[in-house]
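Reader: I would like to learn how to read side-chain and helix features in a model. Please take them one at a time.

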Amino acid sequence: MPDPLMYQQDHFVVLETNQLEQFLTLSELLEKLKTTLQQFIITDLPPDLQNFDTVEAQAQYLLDTSCKLDIAPGQYLQWYAVRLEK
């Protein structure tokens with residue numbers, strides 16, 4: 001039986017264009033996603049995100065289904081779950 005620790009997503013490494021990598025908690029990543037999504041015009045969002053009424057729902061959907069958001073041509077935000085403890 002797999003160890004449940006393998007499926008925890010408490011910490012993430014976040015990569016952004018021209019930035020150093022950051023380690024964020026789940027709540028910090030959700031806030032970063034919400035802040036980033038608020039800068040978009042609704043029609044500039046990917047079609048699957050346009051179906052959600054709130055930025056909170058959009059951020060949670062991204063967290064649950066993706067690991068990358070293209071912000072602009074050549075600009076990105078990527079996140080990957082990491083385990084900081086052994």
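Reader: Is Phe52 buried, partly exposed or exposed?

Author: Buried means under 20% relative accessible area, exposed means over 50%, and partly exposed lies in between (1.4 Å probe, protein chains only). Phe52 has 27% relative accessibility, so Phe52 counts as partly exposed. Before we go on, note that this is a predicted model, where local features need pLDDT of at least 70, side-chain atom pairs count only at pLDDT 80 or more, and totals for chains, interfaces and linings use all residues. Residues are numbered from 1 along each chain as its sequence is written, and side-chain values use heavy atoms, with hydrogens and water left out.

Reader: How many aromatic pairs does the structure hold?

Author: A pair of aromatic rings is described by the distance of the centres and the angle of the planes. Rings of Phe, Tyr and Trp (its six-membered ring) pair if their centres lie within 6.5 Å; planes under 30 degrees apart count as stacked, over 60 as edge-to-face and the rest as tilted. The structure holds one such pair. The ring centres of Phe52 and Tyr61 are 4.9 Å apart and the planes stand at 40 degrees, so the pair is tilted. Tyr61, at 26% relative accessibility, is partly exposed.

Reader: How many salt bridges are there?

Author: A salt bridge is a side-chain nitrogen of Lys or Arg within 4 Å of a carboxyl oxygen of Asp or Glu. The count is three. One of them joins Glu16 and Lys32, with N to O at 3.0 Å. This pair links distant parts of the chain, 16 residues apart: Glu16 lies in strand β1 (residues 11–16) and Lys32 in helix α1 (residues 26–38). Here helices (H or I, at least four residues) and strands (E, at least two) are DSSP runs, numbered from the N terminus.

Reader: Which residue forms a salt bridge with Glu31?

Author: Lys34 does, with the closest N and O atoms 2.8 Å apart. Both belong to helix α1 and are three residues apart, so about one helical turn separates them. Glu31 is partly exposed at 44%, whereas Lys34 is buried at 16%.

Reader: At what angle do α1 and α2 cross?

Author: Two packed helices are described by the angle between their axes and the distance between the axes. Axes are lines fitted to C-alpha atoms, for helices over the stretch in contact, and angles run from 0 to 180 degrees between N-to-C directions. The axes of α1 and helix α2 (residues 55–65) cross at roughly 120 degrees and come within 9 Å.
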